[in-house]
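Please read the following walk-through alongside the sequence and the coordinates. It treats a few residues and their surroundings, then turns to charged pairs.

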Amino acid sequence: MDNNSGRKYLIPEVASRVSNMELRAKAVVEGFMTGMHKSPFHGFSVEFAEHRQYIPGDDLKFLDWKLYARTERYYIKRFEEETNMKSYILLDISKSMDFAGEKAVPEKKSKNLLKNIFSSAKGEVQPKGLTKLQYASYLAASLSYLMHLQRDATSLTTYDTKIRSYIPPRATDTNLRKILIELEKLSSKNETGTARSLAEIAEKVKRRGMVIVISDLFDDQKEVLKALRHFKHKKNEVIVFQILDPLEINFLEGNPVTLMDIETKEELYSQPASIQKAYRETIKEFTDTYRKEFKKNDIDYLMISTETPFDKALYNYLLKRKRAK
């Protein structure tokens, strides 16, 4: 796979055209790895966990002869039973994640028919991008695939108002396949319960590891932070990927719109210009609060839109993992 053909799969819209989740995750990770030499991870192995110096009595079949040729020292490849890190991916599948913004185009009679972040207005519109859930599932699949290459034991939990599925951490091909199959069949049906679900999941994480939350975080902030501090209290490393649609970040400009809450169906008719400033201030305060509190609690945080190439999130994961080791 050359650099251009590989790295194109880091673009969400391109990755979405790959036929199934396993191939999609593989394409994203291989595309990511082609750019590793340009990154801060030059020389950082993603093919196996790490080396340790040879000790008399070690099985010679695990000697790294290529490394010996470069260093004239004997090193053993350390595999999952020695270096296993438990990684828990917690994926929000609530109804608010089932959203992709659309941009409107004029009708023949020059009427601007706008579609906003929650509405279902009639009219001629450009195709949707990825929903937040699609983006999040591709990211979760790519992280799982990358963790598998690192010989990490990977777990997947999906939740909305409560836990919907749980795959325990394992470092096997079979476990990776289970995770990818689960990610392939996701659907959103229920309201958000991030804080309550995270608190429940924290009780399942018995051994110290890495906890990765993928969500839009549309829930009571104090309760979400309380639940995440529970993971930190148990000495886990925590990284949060907040997934937002570009329209949720930037809102709208232009003509009147009807806003509909995607979970409650409550409607509000408004002029975008009249509430745009207030909306932007609110979303900024919302994300700034998370950013400040996460920093205070030593929780890594990245807010990304569904248009962001996947390598940004994968780099952040590797940085966190490197520090955690």
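Predicted model: local features only at pLDDT ≥ 70, side-chain atom pairs only at ≥ 80, totals over all residues.

Residues are numbered from 1 along each chain as its sequence is written, and side-chain values use heavy atoms, with hydrogens and water left out.

Begin with Ala15, which lies in helix α2 (residues 12-15); helices (H or I, at least four residues) and strands (E, at least two) are DSSP runs, numbered from the N terminus. Ala15 is buried, its relative accessible area being 1%. Here buried means under 20% relative accessible area, exposed means over 50%, and partly exposed is in between (1.4 Å probe, protein chains only). Not counting residues up to four places away in sequence, Ala15 touches Tyr9, Arg24, Val28 and Phe310, where contact means heavy atoms within 4.5 Å. For Ala15 and Val28, 13 residues apart in sequence, the C-alpha to C-alpha separation is 7.0 Å.

Lys86 belongs to strand β3 (residues 86-92). Why does Lys86 count as buried? Lys86 counts as buried because its relative accessibility is 16%. Its contacts, again without residues up to four places away in sequence, are Ala153, Pro169, Arg207, Gly209 and Met210.

Thr306 sits in the loop between β10 (300-305) and α12 (311-324). With 7% relative accessibility, Thr306 is buried too. Leaving aside neighbours within four places in sequence, Thr306 is in contact with residues including Pro12, Leu130, Tyr135, Ile243 and Pro246.

Now the charged pairs. The whole structure contains 14 salt bridges, each being a side-chain nitrogen of Lys or Arg within 4 Å of a carboxyl oxygen of Asp or Glu. One of them joins Asp98 and Lys95, with the closest N and O atoms 3.6 Å apart. Asp98 is partly exposed at 31% relative accessible area, and Lys95 is partly exposed at 22%.

In helix α11 (residues 272-296), Asp288 and Lys284 are four residues apart, so about one helical turn separates them. Their side chains meet in a salt bridge at 2.7 Å, N to O. Asp288 is partly exposed at 30%, whereas Lys284 is exposed at 52%.

Lys296 also forms a salt bridge, with Glu293, the closest N and O atoms being 3.3 Å apart. These two are three residues apart in helix α11, so about one helical turn lies between Lys296 and Glu293. Lys296 is exposed at 60%, but Glu293 is buried at 15%. Elsewhere, salt bridges with shared partners join Arg208, Glu237, Asp300 and Lys320 into one network.
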